[in-house]
Amino acid sequence: MATISVTELHKKFRDVVAVDNVSLEISDGELVGLLGPSGCGKTTTLRCIAGLELPDQGRIFFGEEDVTFVPAEKKDIGMVFQNYALFPHLTIFDNVAFGLRTRKVPRAKIKERVDEVLATVHLSGLGQRYPKQLSGGQQQRVALARSLVTRPKVLLLDEPLANLDAKLREQMRFFTRSIQRDLGTTTIYVTHDQAEAMVICDRIAVMFSGSVDQVGNPREIYTKPVTERVADFIGLANLVPARVKSLVSDCLCVLDIPELELAETITATHEGQLSTGQAVILMIRPEGTSLDKVDAETEKDVNSLPVTVKTRTFLGNVLDYRVETANGHVLRVEEGPGKLVEVGAPALLSFPYKNAWTLLVDMDKTISSS
Amino acid sequence: MLGLKKKDRLVEQILASRRVVFRCFCRYALILPVAVFIVVFLVIPYANMVVTSLRPFLSAGRIGHGLTLANYQKALADPYYLKVLGTTVLCGLITTATCLLLGYPIAHHLAQRETKHKGILYAIVLSPLLVGAVVRCYGWMLLLADNGLINSFLQYIGLGKAKLMYNFFGVLVGLVHIYLPFMVLSLIGPIQSVDPTWRSAARTLGASGKRVFWRITFPLSIPGIISGSVLVFLLTVSSYIGPILLGGYSVMVTPMLIVQTILSGVNYPLGAALSFVLVGCIAIAVILIFRATDKLLKGVDIYEA
């Protein structure tokens, strides 16, 4: 098993910068996700690590060994591709045995290892079929088996579940995760599906336009995003431009919200250095708020805003409200299905200080409107 | 009242059946011209040829009545005719194999790499198709003749003359050049359809470039190899201009023999019989090729299905 270390990786395709200064440290046995919208460079990063692309700059280490310029066939890796890339002219057995045969494993041993790994992915007895005779979920498991049969140091998964239907995808998430945990293989998992990344990964690296904005465990990424686009990409978020009015403590600050033209200020949490007067973004998650009647009592350490309910949508497990502030700024609020507030009625939106998170404004304003 | 209803129904039925007829007519009307053309200019002449091949030959230009197998007997038993047939098939096999060996790397290159010169390469590969076979053969004659360009050069550097034309070698050079584009065009599609991620996957499984080619790209391009080989073989064994111009009369192939039999000997029955023997040989060769590759294609068929 091995650690993976990527330092200052750069990769250009003609004039297009695909990977722009990516650095990652992955410890032994860890599963790290590369999460980002399509075209953010996550697959290129993975292909560089696999040795299928040569980086223009930067270094890649497996353990102590510098593998930057080692081609894929000389690296001890297993890789699963988005379309599974099963060889159509070979049986399932031969597909799985491919990596063992290139490594000149004795025939009897090959049979034993292939049967063993097919059993692990619950595909015993399908060895003589051809890939097209299998369902999508089975093909995915064959691809996983093929990448694991050589017992690689490093496992690279490139959107392995993207082509499955929603239900199967959910099953396979847990399945993939449990196999990885059993084997303890250091793994990089590329995905654009944040729910998938949350379930599977120990840590997530969120990528945008070629660079990593934030690396952290799923909870950190969700509750304490460092950039506007991370906040926007992971889950739903109300993002409101604000200005720092005063600093209360290391982690609490008071914000002015010019856009909302509020008489009140909002107290929010933050991390790192902020200075008075600095432009920031206030993030409020829709589920971190509660909507009450106007005359409800406000608790301690809670912000409250007078709003009007615009729409209410029943989504089964939640009620999705859109509420409007005094000057017409619309915020999204999620409430429990039992908490009915009438459409058109004035209400009080309240959220604890800890649910108001302060973000720095992105240097390049490339935020997509949601 | 009841009678009227019955009548209505009858009218309706007639109209419905007319509609069906009309629809059928529409469906077949578009094929009709081609069908007529094929029947008049292909089926009838072929039928006529079959009959002719079974008629007794009396003397030049005169065909007798009655049916006989004598022409086939002659076409299949005469050692000279068999030798010519052998030369034809050998010529076809060598040309096909050479086209495959030369064409595969070209097709592989054109199919896979994003090269700047792709357009130029295509033009070079396809250019033989733009010039008629006669012109192309004359071009080769200028190069290969006893006092042609190559021999002049060889003499100049003191190596003496080589016999390059009016022999089997000359014929092969001409035929390979003429039919290479068909092989390349047949190969490009199947090679292109080999998904690059299959090759990537093979590499991550430890396969070297050579192994990736022999285990992945090559087996998956077998459909193209078969269709290209069959095409080139068919065209070669039935070619006439190449052998006659570059082989002179020193290399005799079946199409030349057929023309000679018909034009010089005015022996239509034997000419027809020789033609069908050639067709039979081609059919057997094609069946053998498909049989041999059937097993190889098993998985490939499945992925194409």
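**Exercise 1. How many residues of chain B are in contact with how many residues of chain A?**

Contact means heavy atoms within 4.5 Å. By that rule, 22 residues of chain B meet 24 residues of chain A. The model is predicted: local features need pLDDT of at least 70, side-chain atom pairs count only at pLDDT 80 or more, and totals for chains, interfaces and linings use all residues. Residues are numbered from 1 along each chain as its sequence is written, chains are lettered from A and ligands numbered from 1 in the order in which they are written, and side-chain values use heavy atoms, with hydrogens and water left out.

Next, take the area. Buried area is the accessible area (1.4 Å probe) that two parts lose on being put together, summed over both. For chain B and chain A this is about 2100 Å², 65% of it on carbon and sulfur atoms.

**Exercise 2. Find what the salt bridge rule gives across the interface of chain B and chain A.**

The rule asks for a side-chain nitrogen of Lys or Arg within 4 Å of a carboxyl oxygen of Asp or Glu. Across this interface it finds one salt bridge. B:Arg203 forms a salt bridge with A:Glu73, and their closest N and O atoms are 2.9 Å apart.

**Exercise 3. Describe the largest nonpolar core and the element that gives the most to it.**

A nonpolar core is a set of buried Ala, Val, Leu, Ile, Met, Phe, Trp, Tyr and Cys residues joined through side-chain atoms within 4.5 Å. Buried means under 20% relative accessible area, exposed over 50%, and partly exposed in between (1.4 Å probe, protein chains only). The largest core has 55 residues, of which B:Cys99, B:Val184, B:Leu187 and B:Leu274 touch the most other members. Helices (H or I, at least four residues) and strands (E, at least two) are DSSP runs, numbered from the N terminus. α8(B) gives the most to this core, with 13 residues.

Now look at one member. Leaving aside residues up to four places away in sequence, B:Leu187 touches B:Leu100, B:Gly103, B:Tyr104, B:Ala107, B:Gly224 and B:Ile225.

**Exercise 4. Is A:Val215 buried or partly exposed?**

First, locate A:Val215: strand β10 (residues 211-216) of chain A holds this residue. Then read its relative accessibility, which is 34%, so A:Val215 counts as partly exposed. Last, compare positions: A:Val215 and A:Leu34 are 181 residues apart along the chain, and their C-alpha atoms are separated by 9.2 Å.
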